[in-house]
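Visitor: Please take me through this model one feature at a time, with the general idea ahead of each case.

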Amino acid sequence: PNRDEKLDNNESWAAYEAYRGLLTLQHRGQDAAGILSYNNSIKRFYQEKDLGLVGQVFNEKKLDRLSGSMAIGHTRYATVGSDNKEDLQPLVTGFPNGLGLVHNGNVVNYHNLSRELISDHHLQLLTHNDLEVILHLWSHSIMKSKGQGLSSINFEDAVRASKEILNKVHGGFALIGAIADGGLMGLRDPNGIRPMVLGRREVDGLPGQFDFCLTSETTSLNFLGYDFVKDIAPGELIYITVDGEIKSRVLIEDKKPSYCMFEWVYFAAAESQIETQTVYQARLNLGKMLANKVKTLVDSGEINPEFVCPVPDTSRTASISLAENMSLPYREGLIKNRYVQRSFILNTQEKRDKAVELKLSPVISEIKGKNILLVDDSIVRGTTSRKIIELLKRNGAAEVTLAITCPPLRYACYYGIDFPDEKQLIANGKAVDEIAQYVGANKVIYLDEKDLSEAIGIDGLCMACINGQYPTSTDGADEFSRRRQEYKKQKKSK
């Protein structure tokens, strides 16, 4: 509901909600954080964003400045653009009507669209963030249909603008926007590659009136006390007015859902639910599938593990399940320093290498002289796995078998996971024995596509990074990959 007229103008309850929600989504991005609020009674946006973790970027003073009963927030995991402050989200425009956006995913044809906007509409792009292209496409559509902001944006205006985005933008994206004088909107790509859920919570003291929340994962809803309503459908626009009225429409229905398998394998929080399947249950299932593979090798005498050890934290659930199904002991041979970032989503290899050295401490009493079945969610570039196995062997491990809860990653991802260059992937062009040799394991055990699909239990998974079958056009992907690598090289040389 529109609380701004009922509360003091300095009231920042929505920003505090967004802040608390972002804390539960810190695992999705650790480069930067930002919040944009809108106060409907005084018709004004307020914004704070900076590099760093959520708790580092925001304090009580900053949150107090974010007035209003509508707010959107973002944790940045840079997969395009830079770490410069102008590339951080949310992005906002006051013209023609006022819109703030946050975005999870990647626009594959970002560079093509950028050139089109510059040449055809004489725009000056101010960032290297693909979200800016979407923001301009929205604004251009609104200008065509309404002129220069003469009236507020209604649902049908949002439908027209969203259709233009869906027709022109190729990639995986989940957009959440704050529309001045309008309300909250969400838009999911036609393949549903990136997740988005809706929750609602009855307002204290106002029976029948509700607050609403759009977010990437249900863990935020649970923490903030919202009831899960539904997953936003692929290609669906949802519009929530300041008076709490919900309107929605699926704008493109002829696409096959292609939900990113990596959400269940690695990216999402274990306590979240995506597309009706809990992440925790999916990871238990992955461990059970792995147990079947391991048992065959144990029975044949190829390996003789004495206990199961996870690479903390993502693979812990699958490790427990594997150990139970193998009747093997489960041991924490590696202890994680919880004040170090997730190494995979750091944006340079140098950072990842240093993070591995800092974040894992071996329990020497458990690993010395033992044959270890080490479980991890994935092998991406291979350097992290190699350092972990070196650490175990340096501290006395006799033998390390590495079991992975997903198939080999052989192809680039252009949809929001940061490996857009397949040449960087250890499994690209290498046999499994060669991968084992590179990482220092006596054997590497992978699941296959059928195992992965059965474990997740969802029809329509995107496994492009495994099988090269991309659900969208990949026109512009080569340039996307090249530009991303150029940026990383520039960053490393600074």
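**Reading the features**

Guide: With neighbours within four places in sequence set aside, glycine 369 is in contact with Glu306, Gly396, Ala397 and Ala398; contact means heavy atoms within 4.5 Å. The model is predicted: local features need pLDDT of at least 70 and side-chain atom pairs count only at pLDDT 80 or more, while totals for chains, interfaces and linings use all residues. Residues are numbered from 1 along each chain as its sequence is written, and side-chain values use heavy atoms, with hydrogens and water left out.

Visitor: Where does glycine 369 lie, and is glycine 369 buried, partly exposed or exposed?

Guide: Glycine 369 is in the loop between α12 (364-367) and β19 (371-376). Helices (H or I, at least four residues) and strands (E, at least two) are DSSP runs, numbered from the N terminus. Buried means under 20% relative accessible area, exposed over 50%, and partly exposed in between, using a 1.4 Å probe and protein chains only. Glycine 369 has a relative accessible area of 48%, and therefore counts as partly exposed.

Visitor: How do I read a helix, for example α6?

Guide: An α-helix has 3.6 residues a turn, so residues three or four places apart point the same way. Helix α6 covers residues 155-168, 14 residues, and reaches 20 Å from its first C-alpha to its last, close to the 20 Å expected at 1.5 Å a residue. The expected span is 1.5 Å times one less than the number of residues. Among the buried residues of α6 are Phe155, Ala158, Val159, Ser162, Ile165 and Leu166. What covers them includes α5 (130-146), β6 (171-179), β7 (183-188), β11 (236-241) and β12 (246-250).

Visitor: Which residue caps the N-terminal end of α6?

Guide: Asparagine 154 does, with a side-chain oxygen 3.1 Å from the backbone nitrogen of glutamate 156. Asparagine 167, in turn, is in helix α6 and is exposed, because its relative accessible area is 57%.

Visitor: How does helix α13 read?

Guide: Helix α13 (residues 383-394) has 12 residues that should span 16 Å, and its end C-alpha atoms are 16 Å apart, which agrees. Its buried residues include Thr383, Ile388, Ile389, Leu391 and Leu392. Glycine 396 follows α13 and has a positive phi, near 105 degrees.

Visitor: What is a nonpolar core?

Guide: In soluble globular proteins, nonpolar side chains tend to be buried together. A nonpolar core is a set of buried Ala, Val, Leu, Ile, Met, Phe, Trp, Tyr and Cys residues joined through side-chain atoms within 4.5 Å. The largest core here has 54 residues, of which Met261, Phe262, Trp264, Leu322, Leu409, Phe419 and Leu452 touch the most other members. Helix α9 (residues 279-299) gives the most to this core, with eight residues. Apart from this core lies another of 31 residues, including Ile134, Leu135, Ala161 and Ile179.

Visitor: What does the side chain of arginine 188 reach?

Guide: Arginine 188 lies in strand β7 and counts as buried because its relative accessible area is 1%. Its side chain reaches two backbone oxygens: that of glycine 192 at 2.8 Å and that of isoleucine 232 at 2.5 Å. These are polar contacts, meaning pairs of N or O atoms within 3.5 Å; within protein, one must be able to donate a hydrogen and the other to accept it, and residues adjacent in sequence count only if both atoms are side-chain atoms.

Visitor: Which residues have backbone features to look for?

Guide: Most residues other than glycine have a negative phi, and most peptide bonds are trans. Here, the peptide bond from phenylalanine 95 to proline 96 is cis, with omega near 10 degrees; proline 96 lies in the loop between β4 (91-93) and β5 (99-107). The bond from proline 312 to aspartate 313 is also cis, with omega near 0 degrees. Lysine 43 is not a glycine, yet has a positive phi of about 55 degrees, and it is found in the loop between β1 (32-39) and β2 (44-51). Aspartate 181, another residue other than glycine, has a positive phi near 65 degrees. Aspartate 181 lies in the loop between β6 and β7 and is partly exposed, because its relative accessibility is 35%.
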